[in-house]
Every structure is written in C-alpha cells, then in structure tokens.
Amino acid sequence: MTTMQSVLVGAVLMAAVGTARADVDPALVSTIQKIKPSDYPSANTVAVLAEQAVVYQSDGSFSNTFHSVQLVLTQSGKSEAASTSIYYTRDDEKVELIRAQVIKKDGSVVQVPKSDIQDTEQSGEMNIYDPNGRALKVNFANLAVGDAVDIQYKLSRLHPTRPGVFNDQFWFVSTEPLIKAQYLVDGPADKPLVAEIYHPERAPKIATTKTKVGDRIHYAWSVQNVPQLVPEAGMAMSNEVPALVLTTDPSWPRFSKWWAEVAEPKMKPTPELRAKAKELTKDKKTADEKIRALYDFVSADIRYRGLGVGPRTGYTPRDATDTMSSRWGVCRDVAILLAAMLRSEGFQAYPVLTNVGDPVLPKIAYDGFNHAIVAMPKPGGGWIYLDPTAKNNKELLPAYEAEQSALVSTLQGEPLGQIPAVDPKANLGHAKATSTLGADGTLHSKVVVETKGVFDLVLRSTAATMSADEQRQAIEQLVNAALPDAKLIHHDISSALAIWNPMTITIELEVPNAATKVGDRQLLRTLVTSGALGLVENVMPQVLGGLAQRKYMLDAHVTFQYDQDETVTLPAGIKIAALPNSAKMTNKVTTMEAECKQQNATTLVCHRSFALRSRFIEPTQYTQLRSVVSTLGRVARQPVILAGGK
C-alpha cells in the first residue's frame, strides 16, 4: 500500500469510527431482557435483530445498511460474537461504521473503542486474492454472557456487477434463533424489483409490503421468531433454506448475453495464440484428438493463480494471450484461453458460468456463480462441458461438476441450464481378485483395482500426495479392518502423473487362517465375502453420517459404481456346504447386487456391486439408501461354509 493509500484508508476508518454512537432503542433493550436462555437450550447466541436496508439507483449502484444485534447465551457464544469482519473492495465500495457497541444486561451501553477497530487486508476467498480486498475488523472486548453485540454499518457499491442491474439474496433463517429479520428496499419506480421466495413453508409467515412513494417504490419482507436452523451433513444450504432472491432483471438470457459481451474481446486470437494452437494440433488427425491436445495444454501448463485483476474481478477475465504467455490465471482466465484456442482451430466454444457447491436457484437471474468453464455445442443439441482448471483429471470435466447449474454465455443469450448427470458406470471402480485357498487354510490373493472417472480422479489426487509407505499403510488399514491377519506382500500404484492412462492398484495378499475350523466345518472369509475390498461399506456410512432420517436433501456430489469380483480356487477334497445369501435391491437412487456361485467342483466366484444413481437424494430416498448400504455390509460379513479336508 502506498503512503497516500494508507492516509486515505486511515481517514476513511477514522471517519467511520467517529460516527459510531452509543445509543439504543428502548424497545430493543426490552426485547433483549425478555429473552430466556432456557427457551433456547441448543443455541449459543440469539439473533435479536438481523436487518438490511437497501437503497438502489437506476444504474444499479446501491447502498446497504446492515444492522444486527446478537445476544450471547453461553461461553461458546461469547467467542462467536467477539469479533466481526466487514468485507469490502476499496476500488469500488465504501464502508461507514454507524455503531459498534455492547448492550449490557441492565440496558447500559458500552461503545467499542477506536483501538478495537482495524482496517486490514482481506484474506483470499475461493482461492482468489483481490489486491483491493479489505476487511474492517471490529473486536468486542470483555464480553459477558447476557451481553448483546450491536453493530450497524453502511456499505455503498459505486458500480454494480452488471451495469444497470441490482440483485441480491436474503435468508429468512440462521444457525441461531432469529427474533426478527427484515429486508427493506428503496428503489426507483422505473427499475422495479422482481422477487422470488424459495421454501416459504420452512419459515414462519413472511410479511411482504410494497408501497409507491413518488417516483420510488418501498419494499419490505420481514419474519419473526424463526427457529434455529440445525444443518445436516451434506445438505445444499442455498437450495434448502427459505430464501429471498430479487433482481431488476430476471432474464437469464440477458445475463448470458452480458457476460458474452464482457468475454468476447478477451478471446480475440492473436498471431501468437494461433501459432501455439497450430503447434499443439499439427499431428492430430481427428477433432477429438485436437480438442484433447488443446485441453491438456491449458489444464497442465497454465497454473491456477488466484489473483483477481481489473474491474468487477469476479467476472472480468484477462486477455487470452496474456494468460497463455504468463502461464497463470484464475478459472475465468483459463476458460477464456481454452475457448480462444478452440476457436482458433475452427471449433465453436463459449465460456460458461457455473457454481461449485450448492446449486444456483433457477427461477430468476441473479449473481450466484463462483466458477467458470467452457462449453462446446453437441450435434443435435446440448453442450459438451470442459473444465481446464481441473488438475490430475483424465476426463474433460470432473465428475463432481455433474448436475451443476450452468449458464453458457453467447451473444444471443442462453437460459440457465444444468450439466447432465453422469452414468454411474462412467465413475467406476472395479476390484478383481484371484484367490487360492491352501490346504492349511491360508488364502493367497492377487487383486487389481481399475478406475474410471471419479475413482480415477480421487486415486490419482491421493496417490500424488502420498509416499510409498503411506500408500502401503492405507491399503493395509482397509484390508485389515475386515481381515486382521492379512499380510500385504506387494503393492503397486500406477503413476499419478500419466493422466493418459487409467489409475490402477495391484496388490498381493496372504491371509493365514482364512478358513477357520468350527466342528466338522470350515468358515472361509475371502476378500469379497469379508468386505476387505468394500470401499462402499467403509466409506458410505461416513458420507451418510449417523442420521437415521433427514429433513433436508443430501447432496452426495457424484454418482458412481463400485464392483468387486473374486474367483477362489479351493483345494481338492473340499466341498462347499453353504454360500452367503444372495441379495439384490434397486430403487431410484441405488442398485446393489451380492452373489456367490459355485462354478465347478473347486472354483467359487463371488460378485458385489453398488451404484449410486443420483447425486441429489431426497429425505424419503435417504432411508432407502441407508437400507441398501446396511444390507451390503451384512451380506459382506457372511462366510462361505466348507466341508471335508483336514
């Protein structure tokens, strides 16, 4: 920061602190004093007030005055409320701190001193560092249980993300109980708001008013006494909570067209870019080979560097040639480069706005994106999607980006779409075991695990960060959980850097006493029938968590299939007296198969298969999924019963 910038920031901060005042609404104090901690046994704090008051103009510029009052109920709540960070960008936003104070139990007020208010550099979010990002940090020292933190500030945005458009979101629920929440808007009548409330049934009655005052319109949404939200593991928050989305332009095609107009000049193919694209594709004969060559160059050679540049850093990309020559960029820069190189080779390619994480709420257009990729039109309709920021990935699009919202940006404008679901078999893990049972009951096994899609990506990314000893330990932990006596004789994992080849694991095992003598029978636990190769039985319970049922939809992020096949050769004189029970279950979410068969007098073949067919699992489907996983685990623990032999 330059000396002049330091002086200006200091002046803004001093002005902000100077406006903070020690006063409080008596009605607010009365509300605080009526709150009984015993009414909220699960809460550490209570949001007495959560209010935003927005004033926007026809050009999309706006100010938003935030006012929150948070009552501390517990020692943990005291830690949570002790500090607040107000984020802003100094090149386009201004923050005015109106009040920062503590309301004591008796209604007296203690103002936060200037020494406890600091303007600091903003830490990077979503792996992106904005050099203009700042954070005004307010510390509330010496808080006590029963105190309330009262903070109010005004954030002014000089230029909107999209010129001439105002849009925003507001949630009517919090992870703490809400006494009162309201969202107030003052806007010009020539740019009226279009609003959509998602899941209003999951909140108390939401009061809504709209009043015309001269050439302005005043809008208000408010709710009172909202129960505390208790998040569930794996829930997509934005898709599940009662939320208000509002905008002055609800059209997704116009949003698409706007970003195309921003991005098109950045994709102009310079002679240097054309030459590089020609060099990469000169020996490639088919369209797929050319696309792959360009994708591999951008994905492998362009380093992800989270540095935002230019105005509206969330959307403004660098010139494609600059990204190519510097060999770095954020997701939008990398997407623009790949699209430009594809175009220079005669392919149609367009940048795409998407979201990694929660789905974008679809009904009206708003700024709900955090990632950029590339789309190419498919013959007959639809799109092929490519993500050149993905590392250690054999596919053009990582499996975890399936079923995400996607806005392809063209000069004609496109509707909000969705990346298609992935067939579980495209994300396949397949363990193939060949085992031999010795006369002494020792089982010798060789196993090859082959991978596709998400299995390939996870194994590749994991192997790239582990030493050979760490890899060995991970394999031993999985196998020994089911077969404690098993010994890992040999293991080999293919190169994580050779992305053109699927990842494979090859292991050799010896299991003493795999066939245990019980009376005149032997109980044989093979690799498949013991669950020693059971990734699903081991991992899925952790993904599902301990909930017997769910209130909210589970987002598993991927679809996949995992198969296990084992051929076991038995010694002469041994007969199969009984096999594990077969099982087969299928529904909209999953399929599961488990079966062992006697192929001939000395050969046993066992098969297990599990497929997760949907990324999004509704609460009613969740219980079915738990049942299938539980059944697979029980079947895997059933032994093969043998007769004869020593």
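Colleague: Which residue in β14 is the bridge partner of phenylalanine 170?

Modeller: In this predicted model, the bridge partner of phenylalanine 170 in β14 is leucine 244. Five bridges join β9 to β14, residues 243-247, and the two strands run antiparallel.

Colleague: How do you know that β9 and β14 count as paired strands, with five bridges between them?

Modeller: Two strands pair if at least two bridges are found between them, and β9 and β14 are joined by five, so by that cut-off they are paired. They belong to an open sheet of three strands, in the order β9-β14-β11, with antiparallel pairing.

Colleague: What makes β9 and β11 strands that stand at the edges?

Modeller: β9 (167-171) and β11 (194-198) each have a single partner strand, so one side of each is left without a neighbour in the sheet. From one strand to the next, the twist of this sheet averages 15°.

Colleague: In the sheet of eight strands, what is the order, and is the pairing mixed or antiparallel?

Modeller: The order of this open sheet is β5-β4-β8-β2-β1-β10-β13-β12, and the pairing is mixed. The twist here averages 15° from one strand to the next. Within the sheet, β4 (residues 93-103) and β8 (residues 148-157) run antiparallel and are joined by ten bridges, and valine 102 stands opposite valine 149 in β8.

Colleague: Why are α6 and α9 called roughly perpendicular to each other?

Modeller: The axes of helix α6 (residues 271-281) and helix α9 (residues 331-344) come within 9 Å and cross at roughly 75°. Angles from 65 to 115 degrees count as roughly perpendicular, and α6 and α9 are therefore roughly perpendicular to each other.

Colleague: Which residues in α6 meet which residues in α9?

Modeller: From α6 come Leu273, Arg274, Lys276, Ala277 and Leu280, and these meet Leu337, Ala340, Met341 and Ser344 in α9. Sorted by class, this contact has six nonpolar, one polar and two charged residues.

Colleague: Why is asparagine 142 called exposed?

Modeller: Its relative accessible area is 74%, and the cut-off for exposed is over 50%, so asparagine 142 is exposed. Asparagine 142 lies in the loop between β7 (133-139) and β8, and its phi is near 60°, a positive value in a residue other than glycine.

Colleague: What makes asparagine 513 count as exposed?

Modeller: Asparagine 513 has 52% relative accessibility, and since exposed means over 50%, asparagine 513 counts as exposed too. Asparagine 513 is found in the loop between β25 (504-511) and β26 (515-518), and its phi, near 55°, is positive in a residue other than glycine.

Colleague: How many aromatic pairs does the count come to?

Modeller: The count comes to 18 aromatic pairs. One of them is tyrosine 183 with tryptophan 221, at 6.3 Å centre to centre and with 50° between the planes.

Colleague: Why is the pair of tyrosine 183 and tryptophan 221 called tilted?

Modeller: The centres must lie within 6.5 Å for a pair, and planes under 30 degrees apart count as stacked, over 60 as edge-to-face and the rest as tilted. At 6.3 Å and 50°, the rings therefore make a tilted pair. The pair links distant parts of the chain, with tyrosine 183 in β10 (residues 178-188) and tryptophan 221 in β13 (residues 216-226), 38 residues apart, and both residues are buried.

Colleague: What makes the pair of phenylalanine 455 and phenylalanine 560 edge-to-face?

Modeller: The ring centres of phenylalanine 455 and phenylalanine 560 are 6.0 Å apart and the planes stand at 70°, so the pair is edge-to-face, the cut-off being over 60 degrees. Phenylalanine 455 lies in helix α10 (residues 453-464) and phenylalanine 560 in strand β29 (residues 560-569), 105 residues apart.

Colleague: How do you know whether phenylalanine 455 counts as buried or exposed?

Modeller: Buried means under 20% relative accessible area; at 18%, phenylalanine 455 counts as buried, and so does phenylalanine 560 at 11%.

Conventions:
Residues are numbered from 1 along each chain as its sequence is written. This is a predicted model: local features need pLDDT of at least 70, side-chain atom pairs count only at pLDDT 80 or more; totals for chains, interfaces and linings use all residues. Side-chain values use heavy atoms; hydrogens and water are left out. Helices (H or I, at least four residues) and strands (E, at least two) are DSSP runs, numbered from the N terminus. Axes are lines fitted to C-alpha atoms, for helices over the stretch in contact, and angles run from 0 to 180 degrees between N-to-C directions. Angles under 35 degrees count as roughly parallel, over 145 as roughly antiparallel, 65 to 115 as roughly perpendicular and the rest as oblique. Contact means heavy atoms within 4.5 Å. Ala, Val, Leu, Ile, Met, Phe, Trp, Tyr, Cys and Pro count as nonpolar, Asp, Glu, Lys and Arg as charged, and the others, Gly among them, as polar. Buried means under 20% relative accessible area, exposed over 50%, partly exposed in between (1.4 Å probe, protein chains only).
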